[in-house]
Amino acid sequence: MNFIILLLPIIAIVLMFRSQKKRQQQMQQMQTALEPGAGVRTIGGLYARVKAVNEETIELEIAPGVVTHFTKSAVAAVLDPQEYDAIINGRPADDELPEPEAEDADPVEDKPLTLTKDVAEKSDVEGGAPASK
């Protein structure tokens, strides 16, 4: 009985270290697979494209012509090209496309917007909202 009580915490510790080591190996594998042109997400939530990979750092293009330097450990995920494009350009997935509008809807009356006083005074006379002075 005492042997089981001593054995359970040791097994739990071994399993925790094993899962931690597995995560570290996956992270290191991802970092070594980084290549220029790949879309990534940093641990801070920044989406960027890899411009260059150095020994311990990477250069990320966060906007056209804007390049920043990050450590490789700052990369949280390498994204698929379609996923990166959808996030950056805001394109919905194929099943989320908006439905086309009906053509028989009433047309909206287009009135030009003016901010002159005489137009505001006329609308006040016609029973519209009072003009501010």
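Let me start at the hairpin of S3 and S4, where two residues lie between the strands and Gly65 takes a positive phi near 85°. Strands here are DSSP runs of E at least two residues long, helices are runs of H or I at least four residues long, and both are numbered from the N terminus. What we are looking at is a predicted model, in which local features need pLDDT of at least 70 and side-chain atom pairs count only at pLDDT 80 or more, while totals for chains, interfaces and linings use all residues. Residues are numbered from 1 along each chain as its sequence is written, and side-chain values use heavy atoms, with hydrogens and water left out.

Now let us step back to the whole protein. Its secondary structure comes to three helices and five strands, and from the N terminus on the elements run α-β-β-β-β-β-α-α. In what order do the five strands of the open sheet lie? The order is S4-S3-S2-S1-S5, with antiparallel pairing. S4 and strand S5, residues 75–79, stand at the edges with a single partner strand each, so one side of each is left without a neighbour in the sheet. Neighbouring strands of this sheet are turned by 45° against each other on average, direction ignored, where axes are lines fitted to C-alpha atoms, for helices over the stretch in contact, and angles run from 0 to 180 degrees between N-to-C directions.

Further into the sheet, strand S1, residues 39–42, pairs with S2 in the antiparallel sense over three bridges, and there Val40 stands opposite Ala48 in S2. Helix H2, residues 81–89, lies across S1, S2 and S5 and runs at about 130° to S2.

Both Val40 and Ala48 belong to the largest nonpolar core, which has nine residues in all, among them also Met30, Leu34 and Ile58. Strand S2, 47–53, and S3 each supply at least two residues of this core. By a nonpolar core I mean a set of buried Ala, Val, Leu, Ile, Met, Phe, Trp, Tyr and Cys residues joined through side-chain atoms within 4.5 Å, and buried means under 20% relative accessible area, exposed over 50%, and partly exposed in between, with a 1.4 Å probe and protein chains only. In soluble globular proteins, nonpolar side chains tend to be buried together. Leaving aside neighbours within four places in sequence, Val40 is in contact, meaning heavy atoms within 4.5 Å, with residues including Leu34, Leu60, Val75 and Tyr84.

Of the 133 residues of the protein, 14% count as buried.

Finally, a search of the whole structure finds one salt bridge, that is, a side-chain nitrogen of Lys or Arg within 4 Å of a carboxyl oxygen of Asp or Glu. The side chains that meet are those of Lys51 and Glu61, at 3.8 Å, N to O. Lys51 sits in strand S2 and Glu61 in strand S3, 10 residues apart, and Lys51 is partly exposed, with a relative accessible area of 44%.

Notes
Two strands pair if DSSP finds at least two bridges between them.
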